[in-house]
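Subject: A structure for you to look at

Hi there,

Here is the structure I promised to pass on. Please have a look at it when you get a moment, and then read on for my notes.

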Amino acid sequence: MTDSPLPSLNGLFDYPSLDPYAVQQAFAERCVAQRSALAALLAEHSQVPAWSTLVAAVEALDRQVQDLFHSLVPLAYEGEQWAVSVDNCYQQLRDWELHKYQSAELYQAYLVIDGAVLEPAQRVLLARILEDFQRNGAALAPLQRQQLQQTDRAIAALEQQFLTNLDNARDAWSLLLDDNARLAGVPEAEQARLAARAQARGDSGWLIELNDTTVETLLCWADERDLREQVYRAQHTLACDLGTDPQLDNGPVLVALLRLRHERAQLLGAEDALALSLRNKDAKGQAEVEAFLTTLLDDNRPRVQADLEALQAEAVRQGLDELQPWDVAYLSRCLNSAEDDQLDARLRQGFPLESALEGLYALYERLFGLTLTPIETAAWQPDVQALQVSEAGVVLGHIYLDAYERPGKAAWPYSYPMRARHVLAQGSASLPLALISCSFERPLAGTSAYLTHLDLCKLFHEFGHAVHQVLAANDQRRLNRIDVATLGADHVEFVGTVLEQWCWSAHTLQQLHRPQAGEPKASLEDLEQWLASKRRWQAVDEARRLRRAWFDVHAHSGSAARQDVRALAVAANQAAGLPETFAHERFAESFDYLVTGYDAGYYCYAWAQAHAIDAFTRFEQAPADEAGMGRELRQEILSQGAVRSMTASFEAFMGRPLSLQAYAARRGTA
């Protein structure tokens with residue numbers, strides 16, 4: 001198999017021509033060949049190891065299988081055959097990596113390489129390689145290494161079980177309404193969407209499912225309180241012992257998972273799973289993380305109390321009994337003015353995906369001098385768009401945009417690094433490639449998919465990750481990979497969140513706005529008012545996010561807390577300043593970030609947001625110099641990749657350490 005089987009134009013795969021069985025077989029052959037090649041390298045160079053003859057050569061072996069595998073990942077959602085094939089390829093890749101990391105001869109060769117003679121990026125990479133060896137047990141005795149491998153396999157199985165239980169529980173619940181009077185208050189466009197979903201299932205009526213858009217819309221707009229409660233309870237009891245299927249309870253799964261993560265951390269010489277996680281993050285230790293979260297919780301708690309008092313007063317005014325969690329979003333909207341409601345109704349249908357993308361491309365041209373151009377290529381689905389990213393006519397990389405929902409596809413947005421920039425021996429570069437996957441509702445023929453403000457934020461955020469992948473410009477491939485394992489969750493999410501901030505700029509939104517026929521274009525004043533309304537009544541949602549971060553930190557530290565995750569979840573609720581009525585939310589059992597690489601690191605979203613909002617103040621204070629600051633942002637942060645820490649890059653851009661003043665001001669606590 002060549003490095004790029006069946007390539008099409010632009011060095012991208014001709015995906016429709018790939019066969020799952022043939023790809024799996026060829027990948028297996030490649031991995032077998034890798035072992036022979038590694039043995040030959042060790043025989044020739046392990047006694048007198050050097051960067052060019054050993055480290056770079058092994059990195060080249062890694063690149064051949066890793067770049068190929070990551071380019072296959074989008075196919076995992078293209079039916080059962082591809083899912084099995086991609087999973088088998090992953091297992092073969094993992095077996096290759098374990099074979100490499102278990103080589104005592106290779107580990108010892110890396111240990112004796114003299115870092116003093118290396119270039120700075122090479123020294124950083126060598127340190128990361130040695131850390132990878134240690135995380136895979138290279139420094140352990142044989143029995144401990146075997147125990148580590150067994151523990152890793154058990155952890156992976158439990159993580160998959162957690163996700164499967166959650167997916168099955170979500171898919172098992174739906175509600176078909178035969179009377180749209182129950183949808184009173186819900187925008188007509190959303191009612192039409194629910195009717196279309198019912199029709200697609202062969203039913204008449206209005207189909208309610210537990211996707212985020214539907215749940216958020218109904219809790220915000222449905223006048224019928226019983227309907228809000230029904231949807232809320234279904235959403236907040238997923239995969240727990242209160243659910244309809246006891247076999248889908250993630251409570252015991254989570255307890256077992258936390259225990260094994262603790263055992264794994266101690267095998268690797270860390271005090272607990274949190275301490276192990278912090279080895280590739282910027283926080284210096286648990287005390288710094290807890291102090292950061294405590295500051296945010298303390299600042300938010302008075303806002304929570306004030307918002308709940310206002311919401312309770314509105315509940316009394318409407319003749320409701322005690323304020324309940326399913327009332328919060330609805331009453332928050334009711335507290336907005338009629339003018340705000342009218343403005344929201346008008347703007348909600350003013351951001352088609354096409355104009356959002358045009359505005360986003362224009363932003364990257366202003367900030368970084370980039371041109372993003374759709375190109376013809378053969379992707380895994382006909383509506384997947386390939387974009388060529390260039391600068392002054394020079395192609396820098398490519399981005400796939402897979403925008404719409406379809407059966408079997410992940411329901412959440414994400415960016416995936418398919419290939420990192422790599423400088424070849426002859427000086428040319430292997431160009432980076434990234435995937436952006438969203439699940440926007442597929443529009444009817446001749447119509448557009450309209451994005452909410454939250455959708456816009458998600459789109460800009462994921463594009464930020466993808467452009468980061470394209471612009472990371474180290475000579476060492478591994479330092480250009482924009483993922484959690486390489487950069488740490490804090491660093492990865494910081495860049496995505498910085499580039500999301502333009503969704504909070506009225507000037508940017510005005511450029512994106514495409515009004516309906518007969519509607520005026522939104523004024524800056526309208527958009528400022530709209531954004532201000534979205535910042536109000538957010539304390540409860542912020543408390544829920546901080547509650548998760550607090551839970552995650554404490555679940556992965558110490559020992560007693562892990563024995564009763566339900567009690568820990570209640571304690572997290574109290575720490576966030578939420579009343580007892582919110583303690584019934586069974587968020588831990590459906591907390592998917594615990595099993596998707598963000599365990600002991602969910603706090604990084606708040607960490608990244610605080611840094612991103614602070615960094616964005618430079619653009620707010622001097623909007624006329626957007627291009628100049630964009631060049632600095634690229635040079636000091638995006639281009640650096642993993643060659644230096646997030647804190648070092650942030651301070652190089654800002655010229656000072658982090659200030660929480662802008663973060664507090666955004667939330668009204670300054």
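Below is what I found, taken one region at a time. Please keep in mind that this is a predicted model.

Let me begin with a pair of helices. Helix 2 (residues 51-72) packs against helix 5 (residues 120-135) at an angle of about 60°, and their axes are 12 Å apart. That angle makes helix 2 oblique to helix 5. The crossing of helix 2 past helix 5 is left-handed. On the helix 2 side, the contact is made by W51, V55 and E59, which meet Q122, L125, L126 and I129 in helix 5.

Next comes helix 8 (residues 212-221), which is mostly covered, with seven of its 10 residues buried. Those buried residues are T214, V215, T217, L218, L219, C220 and W221. Their cover includes helix 7 (188-200), strand 2 (206-209) and helix 9 (225-236), along with helix 13 (328-335) and helix 14 (338-347).

Finally, a strand to look at: strand 6 (residues 414-419) is mostly covered too, as five of its six residues are buried. Strand 6 pairs with strand 9 (residues 433-440) in the antiparallel sense, over five bridges. If you want a place to start there, R419 has L433 in strand 9 as its bridge partner.

Best wishes

Conventions
Residues are numbered from 1 along each chain as its sequence is written. This is a predicted model: local features need pLDDT of at least 70, side-chain atom pairs count only at pLDDT 80 or more; totals for chains, interfaces and linings use all residues. Side-chain values use heavy atoms; hydrogens and water are left out. Axes are lines fitted to C-alpha atoms, for helices over the stretch in contact, and angles run from 0 to 180 degrees between N-to-C directions. Helices (H or I, at least four residues) and strands (E, at least two) are DSSP runs, numbered from the N terminus. Angles under 35 degrees count as roughly parallel, over 145 as roughly antiparallel, 65 to 115 as roughly perpendicular and the rest as oblique. A crossing is left-handed if the near helix is turned anticlockwise from the far one by less than a right angle, and right-handed if clockwise. Contact means heavy atoms within 4.5 Å. Buried means under 20% relative accessible area, exposed over 50%, partly exposed in between (1.4 Å probe, protein chains only). Two strands pair if DSSP finds at least two bridges between them.
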